[in-house]
Amino acid sequence: MSLHVDAGRVPSRAAPSGGRRREQRPAPRRFLSWLDLRATPYIFVSPYFILFAIFGLFPLLFTAWVSLHKWQLAGEKTFIGLENYTKLLVDEKFWNAVGNTVGIFLIATVPQLLIALLLANALNKKLRGRLVIRLSVLIPLITSVVAVAVVFTQLYGRDYGVVNWILGLFGTDNIHWQNEKWSSWIAIATMVDWRWTGYNAIIYLAAMQTIPKDLYEAASIDGASPRRQFWGITVPMLKPTIIFTVIVSTIGGFTLFAEPVMFGSGLMTGGTTGQFQTVAMFIVKEGFRDFEYGYAAAAAWVLFLLILITVLINSVLVRGIGRSK
Amino acid sequence: MMHNSRRGRMLALAAVATLALGVTAACGSDDEKPAGGGSSAAAAGPVTITLQTFGGGENFAYDDAVKAWNASHPNIQVKYVNLTDRFEDTYLPQMLQWLESGAGAGDIIGMDEGGMGLMGARPQYFADLGQYGLDSRKADFPEYKWNTGINKDGKLFAIGTDIGGMAMCYRTDLFKKAGLPTDRDEVSKLWPDWNSYLEVGKKLTSALKGVAFVDGANTVYNSVLSQETGKNGNVQYFDKDNNLILDKNPGIKASFDYVQTLSKAGLTAKLRSWTEEWNTAMQKGQFATMGCPSWMLGTISGTSGDANSGNWDVAAVPGGSGNWGGSWLMVPAQSKHPKEAAEVLNYLTSKEGQIAAFKEGGNFPSNIQAQQDPTVAEAKNAYFNDAPSGPIFADSVSKLSPVFFGEKHAQVKAAVEEVLVGADQGSIKWDEAWQRFIDEGVKAAG
């Protein structure tokens with residue numbers, strides 16, 4: 001294809017030099033070669049943008065349009081302006097879902113990224129069987145999220161779960177993990193962490209290997225301890241990577257869905273009083289259980305804005321890393 | 001000509017309907033063939049009727065019935081498609097989308113009880129089956145099943161297929177240990193009403209430590225509620241004008257209170273159906289009774305496993321009536337062949353159609369004649385000590401009151417039952433539960 005482009009370019013440049021005008025191509029062919037030159041690059045990149053327009057932009061805008069209606073599936077569709085949003089902002093069930101989502105996000109993501117960082121640092125050392133160990137931290141990622149959730153839900157079973165059995169050895173009563181906010185959040189956070197910690201550790205590890213060795217050599221000559229080197233060199237040098245993982249985890253955490261759904265035996269209610277109903281579950285419940293598409297669409301847009309705000313806050317916070325040092 | 005042929009087909013259909021109604025099984029299916037075939041010959045070539053259903057395993061169990069129909073009706077061929085095993089989160093939203101867009105839905109579609117309130121409030125999407133003479137089928141069905149098929153315009157839009165009915169499954173091994181009778185007739189006599197059921201529960205739990213009397217709150221709640229419905233004008237959550245009457249219907253409060261008493265007496269195992277704990281508890285004999293619609297027998301035998309074969313038996317439910325689940329068939333208005341679809345629907349819900357489904361998948365017929373047929377009435381279930389459960393289920397639905405399902409019935413039901421589970425399991429205090437029960441119901445009704 002690139003040959004074709006070049007072939008078109010030569011005559012079109014030569015054209016203004018005169019003398020050979022008689023031999024000029026007929027108009028349609030000239031148009032084609034112009035098209036070839038100017039439009040081809042756009043055509044080459046267009047598949048992504050076409051797909052994005054169909055599966056990204058259109059749903060986004062259509063959701064916004066739907067959110068301005070009382071829009072029931074196979075039912076009434078009336079334009080009601082911002083009423084869905086005003087209703088949503090005072091809906092305690094929605095804010096309960098937001099609270100759960102943020103809560104689970106915090107208790108899942110903060111330890112997860114810290115553990116991943118320490119894990120990556122350990123994996124960066126010269127170890128026997130390094131490759132095997134490095135690969136093994138990625139194994140949780142290739143298990144299906146549903147399988148993870150099913151197994152963990154059994155571990156956290158009330159009557160015959162392993163976790164309660166172990167706690168029972170220390171004399172605690174059986175905990176009904178789904179029943180309280182704190183217990184359900186912990187259970188879900190462990191599922192998320194089990195699956196994603198290794199993934200983040202590998203990303204950190206890759207970034208760590210790009211840090212120049214001479215920085216560490218200079219630091220050890222100056223007598224810096226390994227701990228000091230970690231916080232003084234490794235972490236600041238990883239800052240762009242940390243920002244990336246924080247953004248990705250924020251998006252992942254705010255759209256948390258499969259784990260809490262499986263944990264709540266497949267229902268969208270997230271526990272009897274919504275102890276662990278996330279915003280994503282709230283949206284599905286409103287849209288596909290109660291068939292109030294308009295309301296669900298409004299919730300989806302508010303979630304989008306919440307993610308945007310949180311990502312901004314997080315990246316500001318993370319940019320501060322290492323500055324005080 | 002056109003007009004005449006249509007009228008001719010109408011007559012033929014009426015003949016088919018009458019035959020299916022009045023005469024015996026063999027006679028009906030024999031005579032149907034010339035009548036149906038003759039009428040279709042007048043139409044322009046063979047017609048394909050798509051039948052869409054949902055459900056796991058045997059789902060609607062129409063393989064044999066459809067095969068028999070197709071063999072005898074060369075001009076109306078039925079294509080039977082089971083779309084998915086998931087009703088609530090896949091089939092129902094998809095079907096609503098198809099109905100709204102005017103394309104995609106089959107000529108006949110299956111609908112679970114949970115979608116009937118919603119569909120009954122949308123008459124524009126369905127053919128009026130009365131127009132094809134199917135309203136003559138009223139006498140074939142219990143009142144509950146028939147009335148749910150009437151939409152808000154008063155038109156017949158759906159006809160019943162299977163029905164859950166309600167029995168009480170119980171563990172003979174646990175009853176024996178607790179010094180209670182184990183014979184199913186004697187057990188049925190132990191609990192003519194819900195108060196005596198409570199007393200039996202107290203007796204059993206005081207005799208056996210670590211064993212609960214019933215799995216959880218919901219089946220009991222629904223059985224009591226369905227019996228209360230008849231006393232309160234045949235409505236549950238919505239009155240006939242679709243207004244929420246959660247706090248005004250004394251039947252709901254009575255059912256709530258009964259569950260509260262049961263739970264506070266410590267008789268429930270505080271389990272939610274379809275969870276791992278529930279399955280395990282069933283295997284380990286952690287509870288002694290469980291409300292049992294006909295399809296639950298399969299769930300129990302599948303979950304409890306061979307080790308518990310013969311430990312379960314089936315008795316009558318206290319108060320004698322109740323239902324959980326069951327489906328209907330309907331013809332979407334978008335069908336290009338509504339008349340032929342109605343003919344097929346008529347056959348599938350007939351005695352022969354429902355007996356075929358019972359033989360194939362164990363789906364308990366709602367058709368009264370099918371229930372009375374020895375194939376159903378005398379069928380024995382080996383896992384349950386050869387219990388002939390048919391008459392118990394048939395009995396439980398014959399006295400069942402018809403219920404008006406409001407448009408948001410399924411949503412309100414799900415929301416308030418969640419409160420019952422929460423109160424039973426301890427995440428909601430019983431003192432606050434009733435208020436919450438109403439609040440959640442109001443929210444779910446939108």
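A disulfide joins B:C169 to B:C292, with an S to S distance of 2.0 Å; a disulfide here is a pair of cysteine sulfur atoms within 2.5 Å. The model is predicted, so local features need pLDDT of at least 70 and side-chain atom pairs count only at pLDDT 80 or more, while totals for chains, interfaces and linings use all residues. Residues are numbered from 1 along each chain as its sequence is written, chains are lettered from A and ligands numbered from 1 in the order in which they are written, and side-chain values use heavy atoms, with hydrogens and water left out.

**The disulfide in chain B**

- Over all chains, the count comes to one disulfide.
- The bond links distant parts of the chain, 123 residues apart: B:C169 sits in strand β5 (residues 167-171) of chain B and B:C292 in strand β7 (residues 287-292) of chain B. Helices (H or I, at least four residues) and strands (E, at least two) are DSSP runs, numbered from the N terminus.
- The torsion about the S-S bond of B:C169 and B:C292 is about -90 degrees, so this disulfide is left-handed.
- B:C169 is buried at 0% relative accessibility, and B:C292 is buried with a relative accessible area of 0%. Buried means under 20% relative accessible area, exposed over 50%, and partly exposed in between (1.4 Å probe, protein chains only).

**A helix pair in chain B**

- Two packed helices are described by the angle between their axes and the distance between the axes.
- Helix α19 (residues 409-425) of chain B and helix α20 (residues 430-444) of chain B have axes that come within 8 Å and cross at roughly 160 degrees. That makes α19(B) roughly antiparallel to α20(B).
- Axes are lines fitted to C-alpha atoms, for helices over the stretch in contact, and angles run from 0 to 180 degrees between N-to-C directions. Angles under 35 degrees count as roughly parallel, over 145 as roughly antiparallel, 65 to 115 as roughly perpendicular and the rest as oblique.
- On the α19(B) side, the residues that meet α20(B) include B:V412, B:V416 and B:L420; on the α20(B) side, B:W430 and B:F437 are among them. Contact means heavy atoms within 4.5 Å.
- The residues of this contact divide into 10 nonpolar, two polar and three charged. Ala, Val, Leu, Ile, Met, Phe, Trp, Tyr, Cys and Pro count as nonpolar, Asp, Glu, Lys and Arg as charged, and the others, Gly among them, as polar.

**Buried residues and their neighbours**

- A:W71 lies in strand β1 (residues 69-71) of chain A and is buried at 15% relative accessibility.
- Not counting residues up to four places away in sequence, A:W71 touches several residues, including A:F62, A:W65 and A:F291.
- B:M282 lies in helix α12 of chain B and is buried, with a relative accessible area of 1%.
- The C-alpha atoms of B:M282 and B:R171 are separated by 9.9 Å, although the two are 111 residues apart along the chain. B:R171 is one of the residues that B:M282 touches.

**Positive phi values**

- Most residues other than glycine have a negative phi.
- A:F291 has a positive phi, near 60 degrees. A:F291 is in the loop between α14 (279-289) and α15 (293-319) of chain A and is buried, with a relative accessible area of 4%.
- B:K270 has a positive phi, near 55 degrees. B:K270 is in the loop between α11 (250-264) and α12 (276-284) of chain B and is partly exposed, with a relative accessible area of 29%.
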